[in-house]
Amino acid sequence: MNKIITFGEVLMRLSPRGNKKFIQSNLLEFYFGGTELNVGVSIANFGEKVRHVSCVSDDFIGDTAVSYINKFGVSTSSIVYSKRPLGVYFLEVGAVMRPSSISYNRSHSSFSEITPEMIDWEKALKKGKWFHWTGITPALCRGSYETLKEGLILAKKKGITISADPTYRSALWKYGEDPKEVLTELLNYSTIFIGGVNEMNEVLGTDFKYSNEDFIEASKMLIEKFPSIEKVFDKVRTAINASWHKIRARMWNGVEFKETEDLEITHIVDRIGTGDAFAGGLIFALQHYDDFKSLQFGNAACALKHTYEGDVNYATVDEVMGLLGGNTSARVNR
C-alpha cells in the first residue's frame, strides 16, 4: 500500500491533570505530539499507511517518542537523531471562561538542528502518494525550511499529491526569513490548501473577512495566484467558552462552495490537536469519498478529537461515520 508522508517536529507535552494550573500541582502527565505527527497518527488510525519524517533526541526520551509513534503503526524509518533534547511544551487546560495557556521550550530542540543532508528524501518518499506539510515547520529554523523545500521539490517531481496547512504563527519566525515569501514559495508545490481566511490573507496580502462570500473570493484569488492549488478546505470554530465550542467546515473546489452543519461540543475534554484531526480526516477521506463527504468526514473527525485526552485523535472510521449518521447520544456500545 502506498504511504502518506508527514514531516515535522515531535514534541513532548507536559500538563497537570484535569484543569489545574501548574502552581496547583506537582504531578504532571506527558503526551507526545506535534502538528504534522498528529495528522499522520489520525490517518493511520483510519487504516492508511503513514511515514513520519523528523529528528528526535538521541536518548531515552527520543526512544520513547519513537516507540509511541510506532504504536499507531506509523513508520519511523525516516526519523533521524540529534544530541539535542526533544522539544517540550507546557499546557494548562482552561475551563469555562478561563482559556488554556501554552508555553513552548523548542528553540534549541533536536528538530531545530535538522538540515537537508540529514534526510534521504528519495527513501522517505518511496511509495508515497500524499505529502502533508504545515507552516509551523518552515517557521522554526532555516534548516527545517530548507529540508521541507527539498522534500516538496522531489514530491512534486514524483507526482505526489501535496497538501498544505500554512498555519501562520508570527512568534515562531525568528531566523530572518520573511514568512510571506517562504509560504508563497512552498505553496507553489502544493495541490490542496487546508486553511482559512487568515492564512489566505497572509500569503495574498489581502484583508478578507470571515463571511462565506469573502472565503469564496479569497479562495478564487488563491487558486489564481497558485495554479497548482485545486481545492481549499477550511474549519470554522465558534467558541461559546473554553469548554463549549461549535465547529463547521466549508470548501471551494474551483467549481462549487459547500458548507457542513455545525457540530456542537458542549464539554471539551481536550482542545489540542483538533485542527490536526480535521486535516487528518480530510486527507483520508479525499482518497475515498467526494469533496463534500470528505469535508463532512473531516469536520466529524475534528469534533471527536475534542473527546480524547492528548494531542492525537484516536477516532476510527466507524466512529466518524456513526457521528455523520446522527449518532450523537453517546449511548454505550454493547
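Let's begin with Lys-231, which is partly exposed, with a relative accessible area of 22%. Keep in mind as you explore that this is a predicted model. The side chain of Lys-231 meets that of Asp-291 in a salt bridge, with 2.9 Å from N to O. Lys-231 belongs to strand 11 (residues 231-241) and Asp-291 to helix 10, so their pairing ties together parts that are 60 residues apart in sequence.

What about the partner's surroundings? Asp-291 has a relative accessibility of 15% and counts as buried, because the cut-off for buried is under 20%. Lys-231, at 22%, is partly exposed instead.

## Arg-13 and its two partners

Side chains of opposite charge can pair when their charged atoms come close.

Asp-311 is found in the loop between helix 10 (291-305) and helix 11 (317-324), and Arg-13 in strand 2, so here the pair ties together parts that are 298 residues apart in sequence.

## Buried or exposed?

Are Arg-13 and Asp-311 buried or exposed? Both Asp-311 and Arg-13 are buried. For Arg-13, the relative accessibility is 3%. Asp-270 is buried too, with a relative accessible area of 4%.

Now put the pieces together: salt bridges that share partners join Arg-13, Asp-270 and Asp-311 into one network.

## A histidine in strand 4

Our last stop is His-52, whose place is in strand 4 (residues 49-57). With a relative accessibility of 0%, His-52 counts as buried.

Which side chain makes a polar contact with the side chain of His-52? The partner is the side chain of Thr-6, at 2.8 Å. Leaving aside neighbours within four places in sequence, His-52 is in contact with several residues, including Phe-7, Gly-8, Val-10, Glu-36 and Leu-37. Also among the contacts of His-52 are Val-74, Ser-75, Thr-76, Ser-78 and Ile-79.

Notes
Residues are numbered from 1 along each chain as its sequence is written. This is a predicted model: local features need pLDDT of at least 70, side-chain atom pairs count only at pLDDT 80 or more; totals for chains, interfaces and linings use all residues. Side-chain values use heavy atoms; hydrogens and water are left out. Buried means under 20% relative accessible area, exposed over 50%, partly exposed in between (1.4 Å probe, protein chains only). Helices (H or I, at least four residues) and strands (E, at least two) are DSSP runs, numbered from the N terminus. A salt bridge is a side-chain nitrogen of Lys or Arg within 4 Å of a carboxyl oxygen of Asp or Glu. A polar contact is a pair of N or O atoms within 3.5 Å; within protein, one must be able to donate a hydrogen and the other to accept it, and residues adjacent in sequence count only if both atoms are side-chain atoms. Contact means heavy atoms within 4.5 Å.
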